Amino acid sequence: MGYKFKKQIFGWMDLLRFKKLVPNREKHLSEGSEKPLPTSYKVNEVAAILHPGLQKATLTAIKEETKDTKAYTFELSSPMLFRAGQYVTLRKKIGDSLINRPYGVASSPLESLHNKSLTLMIKKAGFFSDYLFDNAKVGDEFEIVGPAGFFYYEPLTDKKEVIAVAGGSGITPFLAMAKAIVEGQEDFHMTLLYGANKEEELIAKDELDKLPQDKIKVVYVLANEEKKGYEHGFISAELINKYAPESYTLMFCGSDGMGKFLNGELKKLKGLHNFKSEKNAVGMRDIKPATYKLTVHINDQVYEVKASNNETLLVSMERAGLSVPSSCRAGGCGFCHSKLVSGKFSIAGADKRRLADVKFGYIHPCVTYPDSDMEIIVPQAK
Ligand code: FES
């Protein structure tokens, strides 16, 4: 049976329009301006200034906060736009190694925009912070990459009332948020429950004591010291319920141990609307020391480095002077995503890899400890 062609009047009209397409286009082109299009646009120039990605930073001040924490203030080469609660990556070449570490920003976004100034709260807890504590001085040059992270107040999903639970240097993002509230950059009320073992371990207490209590209520909680005007013990559901409003967002930043304890308390909380927490960069593993051979492929180069079983593969590669990509150092951003060729390993905390990564053998060296000799393929750092 032959195909019956059905005449469609609108189909013919489309064909006519199509016939006119080329002449119409030529007509519009001939009527257009001969002036060349601009090669850059104001909006892109402003965006490049506010989001420089990587920039130079000069150390301008060091302030001792507690016996193991210092505040480092940097002058940036250009203002950086960030949300209070985000972190940046501090970068410096130490010997042959290019070292990157993420640190929370303690200063407010306005300080960066108006004064090109950024303060990072750094606790002595590893290779880079040891270097900073022992060697860094005013005038030293660094690089800063960022900002990054999603630990900030989100008005669309968070309640106007926020209970912030901080432990130790986990106070950093809340310091930035408190300043942003005072400066009118953020619009929420914060009740800050700040825990430490003893009063002398509280970071930035002088700054916290000056905050307007109608906007930010600060409650200090000491685990190993009883003092008038301070809560005593752990930051438990009972304590949170004591200060909690009817409905609120709970934000947490602190140690893994404190996070685990708080997770166990969540079901006992009254009025909890949503919970968000920030993971710290992974540190040393407490295990009987052993050293393995780590074979690393980067592009067409092959390196053999020593890998200690109590440090992550990322730290071992950095110690050996290899330039490898990283950002969050907590298994969350995927910057260090690498292919496993062989070897046994353990992952710090819960395995947060995607199912496809587990199936096809990808790891995040920033949260991976070696349990045998290993071989991995790592992307080139940019
Ligand atoms: S550095 Fe972010 S996942 Fe490894």
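1. From which domains does the lining of the second largest pocket draw at least three residues each? Domain 1 (46–148) and domain 3 (291–377) each supply that number, the bounds being taken from an automatic or database domain assignment.

2. This is a predicted model, in which local features need pLDDT of at least 70 and side-chain atom pairs count only at pLDDT 80 or more, while totals for chains, interfaces and linings use all residues. Residues are numbered from 1 along each chain as its sequence is written, and side-chain values use heavy atoms, with hydrogens and water left out.

3. The volume of the second largest pocket is about 380 Å³. A pocket is an open set of points on a 1 Å grid over the protein atoms alone, where a 1.4 Å probe fits, with protein on both sides within 12 Å along at least five of seven lines; lining residues have an atom within 4 Å of a point. The volume is the space filled by probe spheres set on the points, which are joined across faces, edges and corners.

4. Of the 20 lining residues, Arg91, Val145, Pro325, Ser326 and Phe335 lie nearest the pocket centre. Strands S3 (87–94), S4 (97–104) and S6 (141–148) each contribute at least two lining residues; strands are DSSP runs (E, at least two residues) numbered from the N terminus.

5. The largest nonpolar core has 34 residues, a core being a set of buried Ala, Val, Leu, Ile, Met, Phe, Trp, Tyr and Cys residues joined through side-chain atoms within 4.5 Å; buried means under 20% relative accessible area (1.4 Å probe, protein chains only). Because domain 1 (46–148) and domain 2 (161–278) both give residues to this core, it lies between them.

Note on methods. Helices (H or I, at least four residues) and strands (E, at least two) are DSSP runs, numbered from the N terminus. Buried means under 20% relative accessible area, exposed over 50%, partly exposed in between (1.4 Å probe, protein chains only).
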